[in-house]
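Good morning, and thank you for coming. I shall take the structure on the screen part by part, beginning with a term that will be needed throughout.

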There are 2 protein chains.
Amino acid sequence: MFEVEIKYKVSSLADLRKVVSGIANPLGVSEEEDHYFNHPCRDFAATDEAVRIRLHGDGEVIITYKGPRLGSVGKTRVEINIKVDGFNNAVDFLRRLGFSEVASIRKRREIYTVDKYTIYLDDAGDLGSFVEVETMVSSEQLTDAMAKDILRFSEEKLGLSPSQIEPRTYLELAMENRR
Amino acid sequence: MFEVEIKYKVSSLADLRKVVSGIANPLGVSEEEDHYFNHPCRDFAATDEAVRIRLHGDGEVIITYKGPRLGSVGKTRVEINIKVDGFNNAVDFLRRLGFSEVASIRKRREIYTVDKYTIYLDDAGDLGSFVEVETMVSSEQLTDAMAKDILRFSEEKLGLSPSQIEPRTYLELAMENRR
């Protein structure tokens, strides 16, 4: 499966929350602590890949590999998610193999769903507030068409303008903030 | 935790099964399919490490990192085990990161426990039949003393001679069989 998503930077989540609550179903709130790792012999900043261990507020731990961006619109990547039974073991496993932690990001994420879209209202602390609109497609050929659907939906239903698009990942934003 | 284990090569499991059944408690039988991977930029054969995905007959999947052998007697290693929710995803994750599968080994393993020891009667197909006696210790300083305990226990209680010790791992045996 391929994840297609577009992220918008917003000045406040309050207005968006009103709009989103009116049209979408709330799925809950998730506190997420994301730990990003670099590869022992590949520079993920150059290859545009990522390895992340996500610790959810409820204790669930997910290891994720994200492949390089595909397609011309939005952000489409191969994504592999593995649910694991312990955060410390997962960190220790990657460290022993030479992976090094490069950034950690905490965010509070409100999750909604409407039609084929998942909408995230993200408070990412120092990095700011963001709205992500995401969906999954079964083949790479479908990603550009789906990204255009997301653009249209976001503009018409959520009042988000293409000028608000934030093309950088949270990891990239965190790395740039550090400089 | 550090795993301390000694492995003995035996010509048949039948005689050992009688002895072991008389003194130890059976914990069950496990069918295991072990897939070993090499690191993208380290030669695990040289560094004496291993990464393994084990698929149990009941569907459980465990990813394991094994560190280099420590101590002078037996085989002591750092071992990190992570239970994951899917075999194919785990394989795909490692492959995307550049790990390559080097061998797969199927074995049928009867598991017993007595005192502080776990005893495995392993039918490893072409590789032969083996008895492993294993225990865990909390610090590296305790490993050599514990290995001597295992040697004594194996000789006195199981009738296994130090001359039967097989120092090679299943992975090393599989790699040598291939040549």
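By a salt bridge I mean a side-chain nitrogen of Lys or Arg within 4 Å of a carboxyl oxygen of Asp or Glu. Please also note that this is a predicted model, in which local features need pLDDT of at least 70 and side-chain atom pairs count only at pLDDT 80 or more, while totals for chains, interfaces and linings use all residues. Residues are numbered from 1 along each chain as its sequence is written, chains are lettered from A and ligands numbered from 1 in the order in which they are written, and side-chain values use heavy atoms, with hydrogens and water left out.

Let me begin with the interface. How many salt bridges are there between chain B and chain A? The count there is zero. Contact, meaning heavy atoms within 4.5 Å, involves 25 residues of chain B and 25 residues of chain A. The two chains bury about 2100 Å² between them, with 71% of it on carbon and sulfur atoms; buried area here is the accessible area (1.4 Å probe) that two parts lose on being put together, summed over both. On the side of chain B, the residues that lose the most area to chain A are Phe93(B), Arg96(B) and Leu97(B), together 30% of what that side buries.

I turn now to salt bridges in general. Over all chains, the structure holds 47 of them. In one, the side chains of Glu3(B) and Lys66(B) meet at 3.5 Å, N to O. Glu3(B) belongs to strand β1 of chain B and Lys66(B) to strand β4 (residues 61-66) of chain B, so this pair ties together parts that are 63 residues apart in sequence. Strands and helices are DSSP runs, numbered from the N terminus: E of at least two residues for strands, H or I of at least four for helices. Both Glu3(B) and Lys66(B) are buried, where buried means under 20% relative accessible area, exposed over 50%, and partly exposed in between (1.4 Å probe, protein chains only).

Another salt bridge joins Arg106(B) to Glu33(B), the closest N and O atoms being 3.4 Å apart. This pair links distant parts of the chain, with Arg106(B) in strand β6 of chain B and Glu33(B) in strand β2 of chain B, 73 residues apart. Are the two partners buried or exposed? Arg106(B) counts as exposed because its relative accessibility is 62%, whereas Glu33(B), at 19%, counts as buried.

Asp149(B) and Lys116(B) also meet in a salt bridge, at 2.9 Å, N to O. Here helix α4 of chain B, which holds Asp149(B), is linked with the loop between β6 and β7 of chain B, which holds Lys116(B), the two residues being 33 apart. Lys116(B) counts as partly exposed, at 40% relative accessibility.

Next, the aromatic residues. Rings of Phe, Tyr and Trp (its six-membered ring) pair if their centres lie within 6.5 Å, and planes under 30 degrees apart count as stacked, over 60 as edge-to-face and the rest as tilted. A search of the whole structure finds four such pairs over all chains. In one of them, the rings of Tyr117(A) and Phe153(A) have centres 4.3 Å apart and planes at 25°, so the pair is stacked. Tyr117(A) lies in strand β7 (residues 117-123) of chain A and Phe153(A) in helix α4 (residues 143-158) of chain A, so the pair ties together parts 36 residues apart in sequence. Both Tyr117(A) and Phe153(A) are buried. In chain B, Tyr117(B) and Phe153(B) likewise form a stacked pair, 4.2 Å centre to centre with 25° between the planes.

In helix α1 (residues 13-23) of chain A, which residues are buried? They are Leu13(A), Leu16(A) and Val20(A). These three cover an arc of only 60° around the axis, which puts them on the same side of α1(A); the arc is that of the directions from the helix axis to the C-beta atoms. On the other side of α1(A), Asp15(A), Lys18(A) and Gly22(A) are exposed. The buried residues of α1(A) pack against β1 (2-10), β6 (100-114), β7, β8 (129-137) and α4 of chain A.
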